[in-house]
Amino acid sequence: MNVLTDNFSIFAEGFLGTVELTVYASALALALGFVMASFRVAPVSSLRVFGTVWVTVLRNTPLTLLFFAVLLGLPRFGLVLPFKVFAILALGCYTSAFICEALRSGINTVPKGQGEAARSLGMTFHQTLSMVVLPQAFRSVIPPVGSTLIALAKNSAIAGAFSVTELLGTYKTLSELGYNIVWTFFWIAVGYLIITLTISAIFNVLEKRWGVPR
Amino acid sequence: MTANPVESTALYDIPGPHTRRRHRMYGVVSTVLILALIGWVLYLLFDTEQFTYTKWMPFEYKGIQELLLRGLGNTLKAFAMAAVLSLTLGTVLATGRLSDHRPVRWISAMVVEFFRAMPVLVMIFFIFVALKVQPLPALVAGLTLYNGSVLAEVFRSGVNSVERGQREAAFALGLRKTQVMTYVLAPQAVRSMLPTIISQLVVALKDTSLGYLITYEEFLHAGKLIASNLDYDLPFIPVVMVISPIYIGMCMLLSWFAQWVSRWERRSPKTEAVEVAPAEPGTLLRGGVPPTAPRP
């Protein structure tokens, strides 16, 4: 028990590090995923190809390999940024491929007739998109996007092994200080559970509020 | 996969001559932009002298090639062990969750939920650091606990998604619960969930690379050894360019296999009473669309 009380600041620092990584990487993943999803449903074939390649490659890349390439490889091009930014880039790009697929399959659940009806009422492309297609797609993408973001929070643990301050990395400091390693891991596990359960709760609320079973 | 441009979608109407011309123009512009991006990356690679002979020389040596192959072998060994063990654990836990006895059901549910919620890396580090296990068993155990729990959920939702009439008919014929499960429900559930199961194995294959972080001598570790060699002018980028196509290629092959199985099972007459799940790994949030296959 006193592992937590004695080293609360170390745990808090790690916890906040994980939260920070999760929030920034989620924002990047959602933005990039949205762009890639719109590429994948665009009527322009070169954009579709680009989106497909992005998704196929990143979905099949081991995240450790991506971290390895981004954190240790990009500095070779003279791009020197803090490791935390690199970690957010790697996590965000990796997760964007999964977000893209979730969004795309959400758009595909909207029946074709909806768009046809909107256009026959004289709606412009922008109106069709923002008033008919996206509101319906949004409802069905809540659960898959939620579980993708939970996976992102869990994947952020890899950043700790590449010397970014986050929750899992705290075990090193604490075991050097001679604290009981099992209890250290117990509190690390609790920290991750808090984060994943919070995301899960947020998305359950969103689902209750807006989700509809299709 | 990609939307067919000649057909109308929810977003776009069938393009007329004007729109087609406009789309062609967009196509040209975006192609140019993408090519410029590729060109810029290539320029950077040449500019920072990544294609010099010294940096690529190590791959000519037999010792280095053997080092890489040994690493690849270790990766595949860890994957094979983790795959077999997690399928076994998944079956055991799914049986537990479908049990008639409440305590068994409760305990398996606890185990499944806990290991699904934990990051794999935390488990691997716990086994490696706290229990002081060798890298390979630690990696395999961590992967097994996580993927086994996810697969248990996949199996369970597969069994639950078999049409209700199948179970009822089997019970009406006088079969016992075990017989209903093994002869009627499980075969159909496995068929419908096979794409999801294979996709989950892709996740396991990708996660074997976590072994690098606990100094297991796998593929990435071999690459790191070569990349940090001063004699070859730190050939980091060449190593990434050699390793990633092999790694990504292996995962892609397995993913394509999952998609192929999905299409093949969908055509099979043996899956009439159950919907074949799409080739996607199991999800983490309840109420997610996959792996809960919709009723036909």
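These legends accompany several close-up views of a predicted model.

**View 1. Chain A as a whole is built from helices.** Welcome to the overview: chain A contains ten helices and zero strands. Followed along the sequence, the pattern reads α-α-α-α-α-α-α-α-α-α. Along the principal axes, the C-alpha atoms of chain A occupy a box of roughly 70 × 45 × 25 Å. Of the 214 residues in chain A, 48% are buried. If you are thinking about contact order, take the contacts in chain A with a separation of 6 or more: 76% of them join residues 24 or more positions apart.

**View 2. Chain A meets chain B.** Here 54 residues of chain A are in contact with 48 residues of chain B. On the side of chain A that touches chain B, at least two residues come from each of helix H3 (45-59), helix H4 (63-73), helix H6 (112-120), helix H7 (125-155), helix H8 (157-161) and helix H10 (181-210). The most is given by H10(A), with eleven residues. Sorted by class, this side of chain A has 33 nonpolar, 14 polar and seven charged residues.

**View 3. The largest nonpolar core includes residues of chain A and chain B.** This core has 137 residues, and Ala90(A), Val122(B) and Ile124(B) are those with the most contacts inside it. Helix H5 (residues 83-109) of chain A provides the largest share of the core, 14 residues. Look next at Ala90(A): leaving aside neighbours within four places in sequence, Ala90(A) is in contact with Leu66(A), Phe67(A), Val70(A) and Leu71(A).

**View 4. Thr52(A) sits in helix H3 of chain A.** Within 10 Å of Thr52(A) there are 16 other C-beta atoms, so Thr52(A) is partly exposed: buried would take 20 or more, and exposed 12 or fewer. Also worth a look is Ala97(A), which is 45 residues from Thr52(A) along the chain, with 9.3 Å between the two C-alpha atoms.

**View 5. Two helices of chain B, H9 and H10, pack together.** Helix H9 (residues 219-227) and helix H10 (residues 236-267) make an angle of about 165°, and their axes are 9 Å apart. An angle over 145 degrees counts as roughly antiparallel, and H9(B) and H10(B) are therefore roughly antiparallel to each other. The crossing of H9(B) and H10(B) is right-handed. From H9(B), the residues Phe219(B), Leu220(B), Gly223(B), Ile226(B) and Ala227(B) meet Phe236(B), Val239(B), Ile243(B) and Tyr247(B) of H10(B). By class, the residues of this contact are eight nonpolar, one polar and no charged.

**View 6. Glu49(B) has a positive phi.** Most residues other than glycine have a negative phi. For Glu49(B), phi is near 60°. Glu49(B) is found in the loop between helix H1 (17-47) and helix H2 (53-56) of chain B. Glu49(B) counts as exposed because it has 12 C-beta neighbours inside 10 Å, and the cut-off for exposed is 12 or fewer.

**View 7. Lys132(B) is another residue other than glycine with a positive phi.** Phi of Lys132(B) is near 50°. The loop that holds Lys132(B) runs between helix H5 (120-130) and helix H6 (135-160) of chain B. Is this side chain's residue, Lys132(B), buried or exposed? With 9 other C-beta atoms within 10 Å, Lys132(B) is exposed.

How values were computed:
Residues numbered from 1 in each chain as written. Chains lettered and ligands numbered in written order. Predicted model: local features only at pLDDT ≥ 70, side-chain atom pairs only at ≥ 80, totals over all residues. Axes fitted to C-alpha atoms, helices over the stretch in contact; angles between N-to-C directions. Helix = DSSP H or I, 4+ residues; strand = E, 2+ residues; numbered from the N terminus. Parallel < 35°, antiparallel > 145°, perpendicular 65-115°, else oblique. Left-handed = near helix turned anticlockwise from the far one by under 90°. Contact = placed C-beta atoms within 7 Å. Nonpolar A, V, L, I, M, F, W, Y, C, P; charged D, E, K, R; others polar. Core = buried A, V, L, I, M, F, W, Y, C linked by C-beta atoms within 7 Å.
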